[in-house]
Amino acid sequence: MIDLLMATYNGEKFLSTQLDSILCQTYTDWHLYIQDDCSTDKTIEILKKYESKDSRIIIVDNNKKLGAGRNFLSLLKYSTADFIAFCDQDDYWFENKLEQLYVNIKKYDKKKPVLLVSDCLVWQYPSNIISKNYNFVMPQRIDDVFFMGGMQGCLTIFNKALKTILDKNYEYVWLHDHYLLLAAMTFGNIYYLKRPLMLYRQHESNTTAHFSQKQISDVAKKITDNRFLLKKELFNETKEFFRINMNSMPQIQKEAFEKFLQLENQPFITRLLKILFSKYTVGGSSHLYLFIKAILKTKFIG
């Protein structure tokens, strides 16, 4: 069985499309737990309609605004299945998405934390332009993830062993995706299914970053957009993850976190040299790309 966890907020424009795509899945042994973040539109009305239509859909009561990341993570306590998949409110899943994820994650050891990441097509809304593929990165080591914001949670499936690491009392939460990736890279394994299994809808209300059709031409702007190398929210999550889990980390991973976190208080030149002679990347991409960013962005976090 797979437990699907969906956090909603003012999603009336797109929610029905996503829920219909879940109901059409070829893999049918699932439960969908939905927690709304105090929406002010017709989201709850739509959710109740679908809950009455299918007993596998369960609305979790919530009267407190949590924010997207904490909303997703707080749903973990309701999951009892062997596998868990996060679900955004505004995408469209191909009918074989869950089946493909289930078949492939079953190949791996259930006792060890496992994260499986699939691919997608990017759906630009309202232009309805669909790109050939998502900007797929495949980090392999913990040093590949410190300077990125995590994989898109809606592309993933993970097992109960990984859930136990995520389902902790993290005081600071911004993106659930980032915690998911840190947990997999620190304590388990991450695998990739480079096959598009959904449409990842991009619109002006997205919580996470947009993936522009002009991405290549926008690289220079992205590099020089501000003077900070890393968002403070991502750094704070990495620091919080380390605080909660450092005593149970493998020693090599613990040393990697300590080395990264020390960059915060180092002078620009010292930090630049440490990045130059490190193995840091952005999601496994070119080390040179990160080094150029580090030269241009003179402030570390902000």
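In this predicted model, Phe268, Leu272, Ile275 and Leu276 of α10 are in contact (heavy atoms within 4.5 Å) with His287, Leu290, Phe291, Ala294 and Ile295 of α11. The residues of this contact comprise eight nonpolar, one polar and no charged, where Ala, Val, Leu, Ile, Met, Phe, Trp, Tyr, Cys and Pro count as nonpolar, Asp, Glu, Lys and Arg as charged, and the others, Gly among them, as polar. Helix α10 spans residues 268-276 and helix α11 residues 287-296, and the two pack at an angle of about 175° with axes 10 Å apart, which makes α10 roughly antiparallel to α11 (an angle over 145 degrees, on a scale from 0 to 180 between N-to-C directions). Helices here are DSSP runs of H or I with at least four residues, numbered from the N terminus.

The structure holds zero disulfides, a disulfide being a pair of cysteine sulfur atoms within 2.5 Å. For Cys87, the nearest cysteine sulfur is that of Cys154, 8.2 Å away, while the sulfur of Cys120 lies 6.5 Å from its closest counterpart, in Cys154, and this is too far for a bond.

The mean pLDDT, the predictor's confidence in each residue from 0 to 100, is 91 for the chain, and 91% of its residues reach 70 or more. Over residues 209-217, however, pLDDT stays under 50, and the model has 19 contacts beyond four places in sequence for them. Where pLDDT is low, the predicted coordinates should not be read in detail.

Residues are numbered from 1 along each chain as its sequence is written. Local features need pLDDT of at least 70, side-chain atom pairs count only at pLDDT 80 or more, and totals for chains, interfaces and linings use all residues, while side-chain values use heavy atoms, with hydrogens and water left out.

Terms used:
Angles under 35 degrees count as roughly parallel, over 145 as roughly antiparallel, 65 to 115 as roughly perpendicular and the rest as oblique.
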